[in-house]
Amino acid sequence: MTASTSMFDRSAREAILHSFTRLTPRYQMRNPVMFTVFVGACITTLLFAHNLVTPTGEPSWFIGWVTFWLWFTVIFANFAEAIAEGKGKAQAESLKSARRDIPAKKLHDINEHRLYKTVTANSLRMDDLVFVETGDFIPGDGQVMQGIASVDESAITGESAPVIREAGGDRDAVTGGTRVLSDWIVIRITSNPGESFLDKMIALVEGAKRQKTPNEIALSILLAAMTIIFLLATATLLPYSLFSVERAGQGTPISITVLIALLVCLAPTTIGGLLSAIGIAGMNRLIQANVIATSGRAVEAAGDVNILLLDKTGTITHGNRQAVAFFPATGVTVQQLAEAALLSSLADETPEGRSIVALAQEKHGVKAKDPQELEATFVPFSAESRVSGITMKDRQILKGAGAAIEAHVTSRGSTMPEAVSKQADTIARQGGTPLLVADGAKVLGVIHLKDVVKTGIKERLAELRAMGIKSVMVTGDNPLTAAAIASEAGVDDFIAQATPEAKLKYIRKMQEGGELVAMVGDGTNDAPALAQADVAVTMNSGTQAAKEAGNMIDLDSNPTKLIEIVEIGKQLLMTRGSLTTFSIANDIAKYFAIIPAAFVSTYPALHVLNIMGLTSPLSAILSAVIFNALIIIFLIPLALKGVKYRPIGASGLLRYNMAVYGVGGIIVPFIGIKIIDMGLTLVGVV
């Protein structure tokens, strides 16, 4: 038996146990709908016991079976919630293994790394300084104040590839429980014991701090109001039945057992029993995506988002410009330009430099050169010269920005070819970056560097558009470049030369118009906009300021995760809406089964309304109660897994829900109740 299987079995056993331990008035009162069923089950239990001692004329077997299925309904509503919580607790077990009371090297002076005191991680407090070196576990969440190190975050994120954490940038945040693989860092602890991201994540998945969201509260109030209305209506039926029998002088009044069965079947017990499980399961799906949410409110807000701000670099594009083409000058062959470009990039370890070498080798067949055989020295890039390249004996090949290369050849008595200038302008207008190559005083041509749009991003954005969500690209590029990339990626709008103020202003403007805005960010300069956004996803690798401003943290530090988060939020709302539609439609069909049966003893003429051809009034009532209990069991997997995500707009989703869950909710009870009635008749229960 695997660890995951045994963990699931344990969580299932615990869920069964919790299904019974939660049969208390105090716990059941949290859910008004199921509390009504709970009270009804208690009353019928007393009626059954009383009928065994003092027969009242109503069959004891009927009261007993109704009582059994009412308790069955309550127990499996408890089970649905407990199994959802159990899945979260099973996930928390692996997270708890990463939370350990490890030794920490506490510093008194940030510059005296070897003068530390060894303490336990639990004794550390906010703003304490800790020295962590190769092989050490990071004792708590913190911010890198000095140094640079390679960190293994697999215990938290599940990603085996190490990440770099360093001081002074947007990659200065570390998480407790991760391990330093190389070098050293000095960390400022940013949380007190029990308040780390890992602690919050464990509490979240265990359901210890899960609070109902505004939408969930609103739906709970609606369901409670419907239950109260049905309760009042049902309560008036007994005196009305007594009056009718007394006045007519025939028939028998409706019984308390039948009235309770009627109330339970008319009340929205299906969605009432599954509502909490749907919310917990939605949070669990977010945790499975390695995202920490401060509350369920943020998840639901993600489902309601209609403006999505996406950073260009790393989200829409791969984050590094890539060489895609060589454009030679007049009189120069592509092969000559490719060879010169490769030579100028041999020592260039940037992603752009490596892509130039790869393009020359793979597309143009230029063979790799050994710098030692060339007896060459390399010209490193500098902010002053803005060029880099190689010097070989009496030959120097440089690559760089147009203005820098033009200044270089001009200083050697040459001029910039007009065709090369035009080609560079064309590349810039297309959203690319032109990089010129010169061999001595001669300009050989242009390298086209391009922000490569991620595969599939256009299709993902089209799905968002189908849901009515507007995508906005945020970039520091000039408007010309931004427009070209926006067109290729298929975003609806873009903000060029974006500053923190520009992002904040845009979000506020959209919110004033009634829009819900989501944004992803990781830097300190993103913090104001993240704090303003309705859904703010920050990277685990980002700065502490960004983390504190956001309401979700992506442990994988994957900027495209925002799209997945929106889908999870949408799926949560879709699941709740679909099952609510099914539950209400479900009740309509049960009316036809139970109401004529409930009053046929008072009004025999109602027998003509037995359109389902049920065996007897008692069989009809019992079949409806049994179906009411069983349907919760059948819908538990759907509540936990969620309905299939469909990227359609609100009107399309409403039509789909009405067609599938509305019509289905009406048809299924007719079939189910009839089958149960036939089964009860076959085994001789009725």
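**Entry 1: the whole protein**

I began with burial and found that buried residues make up 51% of the 686 residues in the protein. I note here that the model is a predicted one. I then looked up the secondary structure, and the protein has 24 helices and 20 strands. For the accessible surface I recorded about 30,400 Å², with 59% of that area belonging to carbon and sulfur atoms. I also looked up contacts with a separation of 6 or more, and 70% of them are between residues 24 or more positions apart.

**Entry 2: cysteines**

How many disulfides does a search of the whole structure find? I recorded 0 disulfides. C265 counts as buried because its relative accessibility is 0%, and buried means under 20%.

I then followed some of the pairs.

- Strand 18 (residues 517-521) and strand 19 (residues 535-539) run parallel and are joined by 4 bridges. In this pair, G521 stands opposite T538 of strand 19.
- Strand 9 pairs with strand 18 in the parallel sense, over 3 bridges. I found that L308 has A518 in strand 18 as its bridge partner.
- Strand 9 and strand 16 also run parallel, with 5 bridges between them. Here I307 has K470 in strand 16 as its bridge partner.

Why is strand 9 described as largely enclosed by the rest of the structure? I found 4 of its 5 residues buried, and strand 9 is largely enclosed because of this.

**Entry 3: helices on the sheet**

I then examined helix 18 (residues 479-489). Which residues of helix 18 are buried? I listed T481, A482, A484, I485, A486 and A489. After helix 18 comes G490, and I noted that the phi of G490 is positive, near 85°.

**Entry 4: residue L638**

My last entry concerns one leucine. I located L638 in helix 23 (residues 617-641). Is L638 buried or partly exposed? L638 counts as partly exposed because its relative accessibility is 23%, whereas a buried residue would be under 20%.

I then looked up what L638 touches. Leaving out residues up to four places away in sequence, I recorded T575, L579, V643 and Y661. For T575 I also noted the separation: T575 and L638 are 63 residues apart along the chain, and their C-alpha atoms are separated by 8.1 Å.

Note on methods: Residues numbered from 1 in each chain as written. Predicted model: local features only at pLDDT ≥ 70, side-chain atom pairs only at ≥ 80, totals over all residues. Heavy atoms only, no water. Helix = DSSP H or I, 4+ residues; strand = E, 2+ residues; numbered from the N terminus. Buried < 20%, exposed > 50% of the residue type's maximum accessible area, 1.4 Å probe, protein only. Contact = heavy atoms within 4.5 Å. Disulfide = S-S within 2.5 Å. Pairing = 2+ DSSP bridges. Areas by Shrake-Rupley, 256 points an atom, 1.4 Å probe, with all protein chains shown as cover.
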